[in-house]
Every structure is written in structure tokens, then in C-alpha cells.
Amino acid sequence: MSPIVFLHIPKTAGQGIHAALETLVGDPGRVSPVRVHTQCRAGSQMPPGYDLYSGHIDWTELDTLPPDRFAFTVLRDPRERIASFYFFLLKEARALSPEALARPENTGKRAVLELSADDYFFGGTPGWQTFVRDHYDNFYTTYLATRRMRGRQRLRGLSEAERLDRARQGAATLQGIYEVDRLQRLEQDLSARFGRPVALAGRVVNAGEHVRGERRWPKLLARFESDASAARLAEFTSLDDALMADLLSSDGS
């Protein structure tokens, strides 16, 4: 079969989609073992010979796959993605022991647990601010423009218009861009490709400690001590708002 490439942006209902894709592929041996970009710092994130590539991965190697591949991603209201990511890390951090929290790989979880929302997003060292910006600041624009999970520095010096233009160019190389609240179109496209029904809508994994349908963004804003900090956080969605409006305006969703 032609390769399927699911570029899973964190906190966009991707676990349920990945599980459905694994079922469609059938053979676990045909699924690439690379699920996170940090697994292959010096190697290939899209090793040849697999039917499914799915995860929080860079996609700089997309053009090495057969031209009949089906590569897609799923977007979500960027405010809700930011808030969902924050609360997911907070939940994970609360479940860790003090010893586990002290490990270097849990720096982000320790910070979300110990810092105020103001300091988490806008305080700390320059290195910490790089981490925050890479993961939260207009992530869709950066990911589609650079093909990298942490590619923001590659856009340094570009105007907002130039960043958006590069993101649109990157998006144009994919076969599909979908919205998390309207997965019926993805169901239809996958059903046509595999020749059998695909059910995705309503499959939620890692929903966290929230009522189904509850908005996370107001709950995150309520954690800020400063109105100015809350306003600054809203700037983390400005480019992604514009990008989503462009990419989803004519797709019929």
C-alpha cells in the first residue's frame, strides 16, 4: 500500500487517530517505530519500508517517500491546544514522585508544577523561554513552515507575513489538513483509501481532568496573576488563527 503519514501535533486528538490507523494497516511490523522526533536525533525519522509513519515527528524527509503517499495533519483551536498541553503536563507532573520530577527529562513538568502560569510562560532563563516558545508560540505556523517540531529559530528574522507564507507553502505539500472538531472528512478520505469504513469522530484519548466539551482556555487564563501576561499569551495564537482561517476556509469542513 502507499504510505500514510500522520503528522501528529501534540494535543490534537492524535492518539485516537493513530490507533485507528494502526488498525487499518493491520500488521504492526508495517508501522514505523519512530513516534517522537527526539528518538532519532542523528537518524531518519521516516525510515524506508513502512506503511505508516505517525507521531510527533519532523517531516523534512517527506519527499523521500513515494509520491502517492497520503500525508496529513490535524489542527485544533490554537487556544485550546495551548491550554490542553499545559493541563496535560500539569496532570503528568502531579503523578510523578519528587525523585522522578528531579530528572532532566522532566524539567518541563517540574516547571509547570512549581511555577505560576506567569512565570512558566514568560519567566526563567533564555533557554527556558526557547523551550516555551518552541512548544506554544504559534506552533502550527512554525511546524508547517519548517517541517520541524522545534523549528522556530529557523524563522528568526522573518516577518509575520513571510512566516505565514512559508507555512502555506508547507501545507500545500500535504494531502490533507483537517480540524479536530470535524473529523468526518478525514473519515471519508481514509475510507476511500482503504475501502472500508473508518470511525474517528468522538475517539478521545488523554482527555485529562476536564468535562467533555469543556473549554480549557478560560481555565488557563484564570491561573494568571497578571492581565498583561494573559494578554501576551493570546499573541501565541495570532499567526495560527490566520493560518487556520486560510487552510480551512475552502475545504468544505
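## Basis of the description

Axes are lines fitted to C-alpha atoms, for helices over the stretch in contact, and angles run from 0 to 180 degrees between N-to-C directions. Helices (H or I, at least four residues) and strands (E, at least two) are DSSP runs, numbered from the N terminus.

The model is predicted, so local features need pLDDT of at least 70 and side-chain atom pairs count only at pLDDT 80 or more, while totals for chains, interfaces and linings use all residues. Residues are numbered from 1 along each chain as its sequence is written, and side-chain values use heavy atoms, with hydrogens and water left out.

## Helix H8 and helix H7

Helix H7 (residues 139-146) packs with helix H8 (residues 160-172) at an angle of about 60 degrees, and their axes are 7 Å apart. H7 is therefore oblique to H8 (angles under 35 degrees count as roughly parallel, over 145 as roughly antiparallel, 65 to 115 as roughly perpendicular and the rest as oblique). The crossing of H7 and H8 is left-handed, meaning that the near helix is turned anticlockwise from the far one by less than a right angle; clockwise would be right-handed.

In contact (heavy atoms within 4.5 Å) are Thr-141, Leu-144 and Ala-145 of H7 with Arg-163, Leu-164, Arg-166, Ala-167, Gly-170 and Ala-171 of H8. Five of the residues in the contact of H7 with H8 are nonpolar, two polar and two charged. Here Ala, Val, Leu, Ile, Met, Phe, Trp, Tyr, Cys and Pro count as nonpolar, Asp, Glu, Lys and Arg as charged, and the others, Gly among them, as polar.

## Helix H8 and helix H12

H8 also packs with helix H12 (residues 238-248), at an angle of about 40 degrees and with the axes 11 Å apart. This makes H8 oblique to H12, and their crossing is right-handed. From H8, Glu-160, Arg-163, Leu-164, Ala-167, Arg-168 and Ala-171 make the contact, together with Leu-239, Ala-242, Leu-243, Asp-246 and Leu-247 of H12. The residues of the contact of H8 with H12 comprise seven nonpolar, no polar and four charged.

## The four-stranded sheet

Four strands form an open sheet in the order S2-S1-S3-S4, with parallel pairing (two strands pair if DSSP finds at least two bridges between them). Strand S2 (52-55) and strand S4 (176-179) are at the edges, each with a single partner strand, so one side of each has no neighbour in the sheet. The twist from one strand to the next averages 20 degrees.

Strand S1 (residues 4-7) and S2 pair in the parallel sense over four bridges. Val-5 has Tyr-53 in S2 as its bridge partner, and Leu-7 stands opposite Gly-55 in S2. From S2, Leu-52 and Ser-54 point one way and Tyr-53 and Gly-55 the other way, and all are buried (under 20% relative accessible area, with exposed over 50% and partly exposed in between, for a 1.4 Å probe and protein chains only).
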